[in-house]
Amino acid sequence: LSPVCLGSLRRAASINAEYMGGRNDEALRWFMELPQGKKVQATYIWIGGSGEDIRSKTKTLESAVSSIKELPEWNFDGSSTMQAPGDDSEVVLIPVQYWPDPFRRGDNILVLCECVHPLSKKPIKSNTRSKAAEIFANPIVSKEEPWFGIEQEYTLFESDGATPLGWPQFGYPGPQGPYYCSSGSRRAYGRQIVEAHYRCCLYCGINISGVNSEVMAGQWEYQIGPCVGINSGDSLWLSRFLLERVAERFQLVVSFTQNHKRRLEWCWLPHQLQYPEYERRGWVQQNNRRYRAIGKAT
């Protein structure tokens, strides 16, 4: 084919990709410029039944909020998220923390929620945050002001969910070496997504410490923290939600797990939690004091 034909095919492919899945950025932009008055869109976010999936739905509020206490409870069909049986499927969402929304902006917000039973108001089985919050609220633990840092690695995939970004469809990329902390279009795949996610985290006020490309093509890492107590987990889950939403805009798939055959054959994907000792934080006290405090409260 001539260069002119190839150029036309590429433009057609680009247009088709833009409209795939009902997506049309230009049309959306036109509608998103419409004023919304004093009403606020609040995206309620929770962890689904697998313990790894992130669910969300949007609620209209009458006005901007200034406190978590102003956010009402909500509910959802737990039978559709593996969190309740079909004959008794209601699950209640309890707001626990909120942030400004980097996608809708304005006074719109993202709201992290815990899941509880509608009658007893006790945490459902998949709600592990509730126990963690109880531990961190214990005076033995809270007076120690425990700090955490979390390294979150992830892999970006093409929209097929099977081909890591930068990989040939039915093969493997070059060996490890040039990808870690790299630059260049043939080594650092997906940087626009990384930068967009980084800025979203900063916009929300998440304490994101940094980012870097990892040892595999299409693999990246970001660091959350240092965060105190329950805020470490809350910040991590919101950062994952933000990354999923950013990848959705770019029509790519993000994976936080290592259970992918082609990736396992090529590279392991770790997840690290760092807990700084007192000496490293500038205090001169016993290294394991915080560990003992958390152990007593567990």
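In this predicted model, one aromatic cluster is formed by Tyr154, Tyr222 and Phe256. Seven aromatic pairs are present in the structure. In the pair of Tyr154 and Tyr222, the ring centres lie 6.0 Å apart. The planes of these two rings stand at 55 degrees, so the pair is tilted. Tyr154 belongs to strand E6 (residues 147–157), and Tyr222 to strand E8 (residues 219–228). The pair therefore ties together parts that are 68 residues apart in sequence. Tyr154 is buried, at a relative accessible area of 1%. Tyr222 also counts as buried, with 1% relative accessibility. Phe256 carries a charged neighbour over its ring: Arg240 lies over the face, 5.3 Å from the ring centre.

Another arginine is placed over an aromatic ring. Arg245 lies over the face of Phe103, at 4.3 Å from the ring centre.

Trp30 and Phe31 form an edge-to-face aromatic pair. Their centres are 5.0 Å apart, with 85 degrees between the planes. Trp30 is exposed, with a relative accessible area of 56%.

Asn127 sits in the loop that runs between strand E5 (109–116) and helix H3 (129–137). The relative accessible area of Asn127 is 11%, under the 20% cut-off, so this residue is buried. A polar atom of the Asn127 side chain lies 3.0 Å from the backbone oxygen of Cys115. The backbone nitrogen of Arg129 is 3.3 Å from a polar atom of that side chain. Beyond residues up to four places away in sequence, Asn127 touches Glu114, Cys115 and Val116.

Terms used
Residues are numbered from 1 along each chain as its sequence is written. This is a predicted model: local features need pLDDT of at least 70, side-chain atom pairs count only at pLDDT 80 or more; totals for chains, interfaces and linings use all residues. Side-chain values use heavy atoms; hydrogens and water are left out. Helices (H or I, at least four residues) and strands (E, at least two) are DSSP runs, numbered from the N terminus. Buried means under 20% relative accessible area, exposed over 50%, partly exposed in between (1.4 Å probe, protein chains only). A polar contact is a pair of N or O atoms within 3.5 Å; within protein, one must be able to donate a hydrogen and the other to accept it, and residues adjacent in sequence count only if both atoms are side-chain atoms. Contact means heavy atoms within 4.5 Å. Rings of Phe, Tyr and Trp (its six-membered ring) pair if their centres lie within 6.5 Å; planes under 30 degrees apart count as stacked, over 60 as edge-to-face and the rest as tilted. A charge sits over a ring if NZ of Lys or CZ of Arg is within 6 Å of the ring centre and within 35 degrees of the ring normal.
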